[in-house]
Structures are given as C-alpha cells and as structure tokens.
Amino acid sequence: MSEKQTPRILIADDEPLYLKTTGQLLRKAGFDCVCVSNAGAAIEKLEAEPFDLILSDLNMPGNLKLELLHQGRSNWPHVPLIVVTGVPSMPSAIESIRLGITDYLLKPVKYEDLLASVRRALAIPSRVFQRSESITAREQSELAKRFPNIVGASAPLMEILDIVDRIAETDVNVLITGESGTGKEVVAQTIHEHSLRSKENFQVIDCTAIPESLFESVLFGHVKGAFTGAVNDQEGLLKLADKGTAFFDEIGELPAASQSKLLRAIQESRFTPVGKSQAVQIDTRFVCATNRNLEAEVSAGRFRGDLYYRLGVIHIELPPLRDREDDVVLLAEHFLKQTLKKSGRELQFAPETLESLREYSWPGNIRELKNVIERAVALTRGETIEKTELPESLLNPPADLQHDSSGVAEGSRDEAIENAEYQYLTALLEKHEGNISQAAQQAGLSRQGLHKLLNKHNISAADFRS
C-alpha cells in the first residue's frame with residue numbers, strides 16, 4: 001500500500017450519480033477515495049499520486065478500447081484493479097482477465113459485494129500483481145525446495161511455481177486449467193498447504209461424481225426429513241471447507257442449475273441447507289480445476305460467465321508434459337523412488353529406457369508416466385529397467401502421434417491434443433478389456449468422468465470386451 005495508513009482508491013466512472021455514491025460509501029467504510037469521470041483523468045491522477053486500488057468502469061471516455069486497463073497494468077502492475085461495468089461483453093471480460101484484473105463486477109452491484117471485493121483486493125500483497133521477470137537460477141532452486149511435491153525444472157514449470165509462491169498466502173480464488181493428468185489437484189493442494197488456511201480442511205469436491213439431483217444436498221447439507229431418505233442431519237461438503245479451501249475438481253462439468261447455486265454461495269459466503277430456514281455462514285477459499293476451455297464454454301452458453309469471472313481471479317494454466325521435455329526424466333526418477341519405497345527394491349533405468357521416455361509425447365501426461373513407471377517396476381526382474389519393459393504403445397506410437405523429421409507434429413495443436421486423447425483412451429480400454437472401473441481408476445477419473453470422455457470421442461467400451 002501507499003505510505004498513508006488509509007488505503008487510497010481511485011474510482012473512474014462516467015456516471016455522475018454512481019461515481020458520487022460509490023465514493024461516499026467507500027469513504028464511510030474508511031477509505032480515501034479520489035473520483036474521476038474518464039480514463040484520461042485517471043491516468044493523470046495515477047502519474048501524479050500513489051494509489052492502492054483502481055476501481056474502473058469499462059465503457060467511458062478514454063477507455064473504449066480498454067486503454068486504462070492496458071496502461072494501468074503496464075505502468076502500475078503493483079496496483080490491483082477492479083472492473084465494474086453495466087455493459088459486460090465476452091471480449092472485454094476475457095481481455096480484462098488476461099491483463100490480470102482482480103475482480104469483474106456487474107452493475108448494479110450490491111454495496112456489500114463491492115466492499116468485499118475491495119477488501120479482498122487490498123488484502124492481496126502487491127507482488128501478486130507484478131509481472132515477474134525471468135527467474136534466476138537461485139530463485140529456481142529456492143522454488144524447487146519450497147514446493148518439493150511439484151517435480152521439475154523446466155521454464156514452464158518454474159513460471160507456475162513462481163505464481164503459486166506469490167498467491168499461496170493470499171485468499172484469492174484460483175482457477176487451474178490443463179489437460180487431464182497434468183497435476184491440477186497437486187497444484188491446488190500445494191496452494192492450500194502453503195496458505196494461511198493450511199491447518200484447516202482441503203475439501204475435494206468432484207463435480208463429475210455428484211448427480212445433479214443431489215448436488216444441493218451434497219454441497220450444502222440437509223436436515224432430517226428434508227426429503228425421502230434423509231434419516232439424519234447431514235453436513236454439506238462446503239461446510240466442511242469452512243476456514244479452509246474448497247477444491248472443485250472438473251468444475252466445467254457442473255450443470256447450469258448447480259452453477260447458479262454455487263455462484264450465490266460464493267458471492268454471499270453463505271448458503272441454506274436443504275430443509276432448513278436459517279443460512280449457514282462460511283469463510284472459504286475456492287480453488288477450481290478443469291480440463292475444459294471455460295472461455296469457450298462461456299461463449300457457447302454452457303458455463304456462467306459471472307461464475308467464471310468469480311472463480312478465475314487468478315488463472316493458472318498447467319502445460320502438458322510434451323511441453324516439459326526437460327522434466328520427463330526428473331519425474332520418472334521421482335516416481336521410481338516412490339514406487340521402490342513400497343517394495344524395498346533397488347532399480348535404475350537403462351539409458352535407452354530414459355531416451356524412450358523422453359521421446360514419447362505423453363497424451364496422458366504425468367498420470368500416464370506414473371502408471372508406466374509402476375508397471376515397469378512390477379515387470380522388471382533384474383536391477384535395471386530395460387526398454388523392453390515399457391508398453392508397446394509407448395515404443396511404437398500410432399502414426400498420427402509421431403513427429404516429422406523437423407520435430408514438429410503435423411496438424412493443428414487442437415487436432416494433436418484430440419488425437420492424443422483418443423489414442424490414450426483406446427489404449428486404456430484395450431489394456432483393461434473394456435472394464436470401465438479399472439480404466440477409470442488407472443486414469444484417475446470417476447466412472448462418470450471417463451464415460452464423458454468416451455462419449456466425446458464416440459468410443460464404446462463394449463468394443464474392447466472379450
């Protein structure tokens with residue numbers, strides 16, 4: 001914050017009544033507010049005076065192309081910025097989030113929601129909003145020691161660890177995206193373990209495992225007699241995350257009706273259990289993960305935009321393992337040590353085995369690598385894991401997963417990902433002879449989650465059964 005003890009807020013909006021009212025309300029709440037009616041005046045104020053927070057409209061003179069947002073994030077990256085708009089649009093929302101804004105609120109915004117957003121933003125250390133320069137070797141070493149559960153040393157991973165390090169001790173909501181098997185839950189748990197909530201619950205809520213008809217009861221709880229079969233009072237999963245972290249896995253699979261109920265609980269920090277009249281207050285941090293492109297889901301109308309903006313205050317996108325070639329061997333050695341701890345054996349990789357692991361494209365990402373190592377340990381009789389102990393699908397991948405002589409995969413990135421996912425699923429079902437339960441367990445998915453992926457690729461498990 002600035003040297004003054006009272007936080008200073010710059011409010012920029014071209015609606016005179018809103019500008020005056022918002023300034024008055026925030027002053028009563030104890031803030032020092034400066035009000036301007038256009039983006040040009042806001043930039044002049046920022047150049048002349050220090051501020052702890054920017055509260056900006058979108059559609060106002062001087063900001064029709066988001067000039068204030070761009071210049072604000074570029075010139076004053078340490079100052080958090082909250083957007084409040086009465087004319088939301090998908091392009092502006094996506095660009096706002098890309099620039100790293102703190103919150104995106106829609107008019108008319110409730111005063112208590114605005115105040116909560118302001119207080120959250122001011123509670124975040126300014127370093128969270130500063131764009132980090134290249135990470136030094138010493139910083140990389142320190143990050144690796146600080147987060148030993150996230151294995152690797154590649155540049156993409158170091159950027160992820162740097163973000164995790166900066167946000168862990170804050171209370172901002174985090175959205176983690178990435179392909180299946182990239183380690184989203186590990187990152188989420190790491191954020192919790194290094195947060196101020198680490199002594200409280202890290203409650204995993206699998207959105208693919210909760211039937212829509214039971215979502216409200218499972219998430220919010222119910223009282224005895226609320227419905228047929230409710231023989232006892234039942235505390236909801238969200239209450240179990242009070243004072244801790246609620247991790248919503250595969251949030252992209254949440255049905256529309258459930259999305260609206262979750263949004264209300266997040267906005268109000270309270271909910272009402274089924275069959276109860278009194279609301280339950282909670283203090284919970286929300287971390288969510290999905291392998292879907294939520295921006296595309298919002299555009300298609302399948303995911304609520306306001307929920308997306310609320311959850312994605314900080315967005316972490318995990319790179320696929322094929323973009324972390326330097327980390328494959330480190331991860332393989334890590335999983336080998338983990339597996340050998342259980343067996344008490346001593347094993348090492350043959351050089352050609354490591355080379356095969358490094359060259360493979362890993363459509364199933366880290367999860368597939370871990371399974372391959374566990375399989376190889378189980379099959380190896382000697383003291384060295386030879387190349388022959390690796391799966392045939394790894395040694396001779398399908399043609400559409402191979403690379404041309406230049407080392408570049410053919411087709412678009414999306415096509416390559418789709419093909420890789422298809423090949424992984426068919427190999428998985430072939431290995432388990434169409435057994436959904438066993439295949440889902442190996443893939444780290446729920447049965448429902450695996451079924452959704454199979455339907456997406458028009459794959460029938462029955463075709464793989466004897």
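V172 is buried, with a relative accessible area of 6%. The residue sits in the loop between α7 (155-167) and β6 (174-177). Its C-alpha atom is 9.8 Å from that of R310, although 138 residues of chain separate the two. This is a predicted model. Its protein chain holds 20 helices and 16 strands.

**Whole chain**
- The protein chain has 466 residues, and 49% of them are buried.
- The accessible surface comes to about 22,900 Å². Carbon and sulfur atoms account for 47% of that surface.
- Take the contacts between residues at least 6 apart in sequence: 70% of them join residues at least 24 apart.

**Nonpolar cores**
- The largest nonpolar core contains 50 residues. The residues with the most contacts inside this core are L68, L219, L238, F248, I251, L262 and F286.
- Domain 1 (8-129) and domain 2 (141-224 + 232-319) both contribute residues, so this core lies between them.
- A second core is separate and has 24 residues. Among them are V328, F349, L357 and V372.

**Helix α16**
- Helix α16 covers residues 365-379, 15 residues in total.
- From first C-alpha to last, α16 reaches 22 Å. That is close to the 21 Å expected at 1.5 Å a residue.
- The buried residues of α16 are N365, I366, E368, L369, N371, V372, I373, A376 and V377.

**D57**
- The UniProt record, an unreviewed entry, annotates D57 as "modified residue: 4-aspartylphosphate".
- In the model, D57 is found in the loop between β3 (53-56) and α3 (67-75).
- D57 has a relative accessible area of 3%; buried means under 20%, so D57 counts as buried.

**H192**
- H192 lies in helix α8, which runs over residues 184-193.
- The relative accessibility of H192 is 4%, so this histidine counts as buried.
- Leaving aside residues up to four places away in sequence, H192 touches R197, S198, E200, N201, F202 and T245.

Key. Residues numbered from 1 in each chain as written. Predicted model: local features only at pLDDT ≥ 70, side-chain atom pairs only at ≥ 80, totals over all residues. Heavy atoms only, no water. Helix = DSSP H or I, 4+ residues; strand = E, 2+ residues; numbered from the N terminus. Buried < 20%, exposed > 50% of the residue type's maximum accessible area, 1.4 Å probe, protein only. Contact = heavy atoms within 4.5 Å. Areas by Shrake-Rupley, 256 points an atom, 1.4 Å probe, with all protein chains shown as cover. Expected span 1.5 Å × (residues − 1). UniProt positions renumbered as here; feature names shortened; annotations may be inferred. Core = buried A, V, L, I, M, F, W, Y, C linked by side-chain atoms within 4.5 Å. Domains from an automatic or database assignment.
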